Amino acid sequence: MIFVREIRKSFGRVEAVRGVSFAVEPGEIVGLLGPNGAGKSTTIRVIAGYLTPDGGAVQIDGFDTQTHSLQARRRIGYLPESAPVYPEMSVAGYLDYRARLFGLDRAARRKALGTALDRCRIADVARRRVGDLSKGYKQRVGLASALLHDPPVLILDEPSNGLDPSQIRETRSLVKDLAEKRTMIVSSHILPEVERLATRLVVIAGGRKRADGDLRDLLSRQTTRTLVAEVQDHTGAFTTTVGATRGVQRVGRSDADAPGWVRLTIEVLPSAPDPRPEIARQAAAAGVALRELREERPSIERLFLELVESGDGQAGPA
Amino acid sequence: MNQAWTIARRELASMFRLPVGWVVIALFLLLTGSVFAVALVPGAPASLRDFFGVSAWLLMPVAPAISMRLLAEERRTGSDEPLLTAPVSDTVVVLGKYLGAWLFMACMLAPTLLFPAVLWAVADPKPDPGPVLAGYASLLLQGSLYLAIGAAVSAMTSSQTLAYLATLFPILGLLLLGAVAPDTLPAWARAAGAALSVQARAADFARGIIDTAHIAYFLVGCAWFLGLAHTALGSRRWR
């Protein structure tokens with residue numbers, strides 16, 4: 001289990017992390033989400049024990065990373081951003097070195113090496129120099145080194161950074177496989193990546209936690225619902241009618257992809273009754289052709305923008 | 001300590017995998033070998049005094065070249081992140097890195113054992129073993145101190161060039177202390193300079209004198225600079 005309490009970290013005058021708290025239960029994959037420069041990597045580095053926080057505390061399986069640093073670190077498998085690995089070493093040599101650092105004896109090392117090479121699908125490059133490998137392979141070597149000691153806690157900082165789409169898919173499936181019975185934090189600024197991997201989201205922006213919760217719960221908390229309608233409304237009269245419908249906050253108007261058709265983006269209060277039947281009735285009454293009327297699925301992109309741009313520090317339960 | 005040995009072995013192997021390691025060894029052996037060959041004069045008494053004298057000066061540019069990568073390169077490439085989040089204390093990291101550099105220096109000096117072996121084989125009378133042993137002890141102690149200075153400096157920066165230069169100048173200072181102290185300095189300052197001077201101690205070693213005070217000086221110096229390296233490494237976690 002990971003327990004993060006009120007951590008703060010500044011670099012000179014820049015406050016990178018300002019009192020972030022959350023907990024990750026065993027078996028949970030938490031997606032740490034935020035724009036570039038939000039404080040994600042600093043938070044991750046504090047949790048992994050690379051940086052000492054100015055305030056607050058982190059516990060890994062009950063061990064404080066400051067007072068029982070080595071015990072805490074023994075329980076963590078950490079993949080830093082861009083997976084820095086010694087380029088002059090062979091893949092097998094590097095993994096053997098890492099296994100020794102984690103205190104694995106000869107038999108355990110051999111077993112761990114075989115498992116990590118197979119699991120991360122890098123057995124075919126085991127004898128090659130790390131510096132000669134592609135970025136995708138290097139990332140997998142970094143991941144393999146994080147798994148060697150079979151840690152109960154995995155912390156992955158931007159695991160898909162710089163990978164091509166097929167490598168991203170492979171890494172994602174690998175991370176999902178690894179998630180069983182492990183506590184995991186995956187940091188990313190790629191929203192679909194986190195959406196597919198995480199069971200829970202922690203959104204960080206400006207060094208503060210903006211939201212924390214189950215993805216579906218967070219999506220349902222969005223402050224507006226959006227409808228999309230495509231109509232033939234050359235005069236704009238129907239747009240005005242829709243704008244006056246009960247529960248409708250605002251109507252946006254743009255050209256649709258077919259000539260003569262107009263796309264209306266209708267923002268509706270979440271508490272209001274569904275206005276679609278009323279809009280359909282109004283279209284029929286006005287003789288306006290209506291070819292589409294649907295509610296836009298709540299998206300993680302919209303949620304993310306709402307949370308990051310709100311800047312109100314609104315945080316859900318930790 | 002197993003982990004310190006693991007780090008030392010990786011460090012040593014890495015130096016031999018990079019061209020800079022081989023270049024340093026080749027240049028050192030070329031220069032010291034030339035000095036040894038020139039000093040071999042038929043009929044003259046067998047001595048390695050010139051070899052030890054030149055080697056001691058050569059350590060001044062060579063030791064920073066060995067130590068500059070130790071921690072600076074790790075920081076520049078970000079490979080210190082996996083290292084410092086492994087269950088290894090900062091003390092073990094510093095000792096491992098230092099031991100790796102020290103072993104590389106020992107590997108560099110090892111082929112020069114051929115020189116006394118040659119003298120033993122061809123010279124008559126045979127060379128006195130005392131100054132030879134003292135000469136090697138002096139080289140190892142001086143090298144150990146310079147590498148410790150280099151480790152401390154390397155822990156403070158991410159630039160190898162800066163690490164090299166910032167190691168070179170303190171070593172030069174230690175070599176010149178006492179030797180160039182002007183008479184205008186107060187007596188206490190000249191005494192302090194003489195006490196800290198490496199050259200005065202090296203001169204005793206060259207005469208075959210192995211003084212425990214000199215050994216203590218180098219060992220305390222090593223411990224002090226390794227302590228500084230440890231503090232500098234620990235401070236990275238705060239910055």
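This briefing walks through selected side-chain contacts, strands and surface features of the structure above. The model is predicted, so local features need pLDDT of at least 70 and side-chain atom pairs count only at pLDDT 80 or more, while totals for chains, interfaces and linings use all residues. Residues are numbered from 1 along each chain as its sequence is written, chains are lettered from A and ligands numbered from 1 in the order in which they are written, and side-chain values use heavy atoms, with hydrogens and water left out.

A search of the whole structure gives 13 aromatic pairs over all chains, and the count of salt bridges over all chains comes to 30.

**Aromatic pairs**

- Rings of Phe, Tyr and Trp (its six-membered ring) pair if their centres lie within 6.5 Å; planes under 30 degrees apart count as stacked, over 60 as edge-to-face and the rest as tilted.
- Of the 13 aromatic pairs over all chains, one is formed by Tyr94(A) and Tyr97(A), which is tilted, with 6.4 Å centre to centre and 40° between the planes.
- Both of these tyrosines, Tyr94(A) and Tyr97(A), belong to helix α3 (residues 91–101) of chain A, where they are 3 residues apart, about one turn of the helix; helices (H or I, at least four residues) and strands (E, at least two) are DSSP runs, numbered from the N terminus.
- Tyr94(A) is buried at a relative accessible area of 2%, and Tyr97(A) is buried at 4%; buried means under 20% relative accessible area, exposed over 50% and partly exposed in between (1.4 Å probe, protein chains only).
- In chain B, Phe36(B) and Phe115(B) form a stacked pair, 4.6 Å centre to centre with 15° between the planes.
- That pair links distant parts of the chain, 79 residues apart: Phe36(B) is in helix α2 (residues 19–39) of chain B and Phe115(B) in helix α7 (residues 114–122) of chain B.

**Charges over rings**

- A charge sits over a ring if NZ of Lys or CZ of Arg is within 6 Å of the ring centre and within 35 degrees of the ring normal.
- In chain A, Arg291(A) places its charged end over the ring of Trp261(A), 4.8 Å from the centre.
- In chain B, Arg201(B) lies over the face of Tyr217(B), 3.9 Å from the ring centre.

**Salt bridges**

- A salt bridge is a side-chain nitrogen of Lys or Arg within 4 Å of a carboxyl oxygen of Asp or Glu.
- Arg281(A) and Glu278(A) form a salt bridge at 2.7 Å, N to O, and they are 3 residues apart in helix α10 (residues 276–286) of chain A, about one helical turn.
- Arg281(A) is exposed, with a relative accessible area of 53%, whereas Glu278(A) is partly exposed at 32%.
- Arg237(B) and Asp90(B) form a salt bridge at 2.9 Å, N to O.
- This pair links distant parts of the chain, 147 residues apart: Arg237(B) is in the segment after α12 (212–236) of chain B, and Asp90(B) is in helix α6 (residues 90–109) of chain B.
- Arg237(B) is buried at 8% relative accessible area, and Asp90(B) is buried at 11%.
- Glu11(B) and Arg10(B), both buried, meet in a salt bridge at 3.5 Å, N to O.
- A network of salt bridges links Arg10(B) and Glu11(B) with Glu88(A), Glu74(B) and Lys97(B).

**Strands and sheets in chain A**

- An open sheet of 4 strands in chain A has the order β2-β1-β4-β5, with antiparallel pairing; two strands pair if DSSP finds at least two bridges between them.
- At the edges stand β2 (14–24) and β5 (63–64) of chain A, each with a single partner strand, so one side of each has no neighbour in the sheet.
- Strand β1 (residues 2–11) of chain A runs antiparallel to β2(A), joined by 8 bridges, and Ile7(A) stands opposite Val20(A) in β2(A).
- Elsewhere, β6(A) pairs in the parallel sense with strand β7 (residues 153–157) of chain A over 4 bridges, with Leu154(A) in β7(A) as the bridge partner of Gly77(A).
- From strand β6 (residues 76–79) of chain A, Ile76(A) and Tyr78(A) point one way and Gly77(A) and Leu79(A) the other way, and all are buried.
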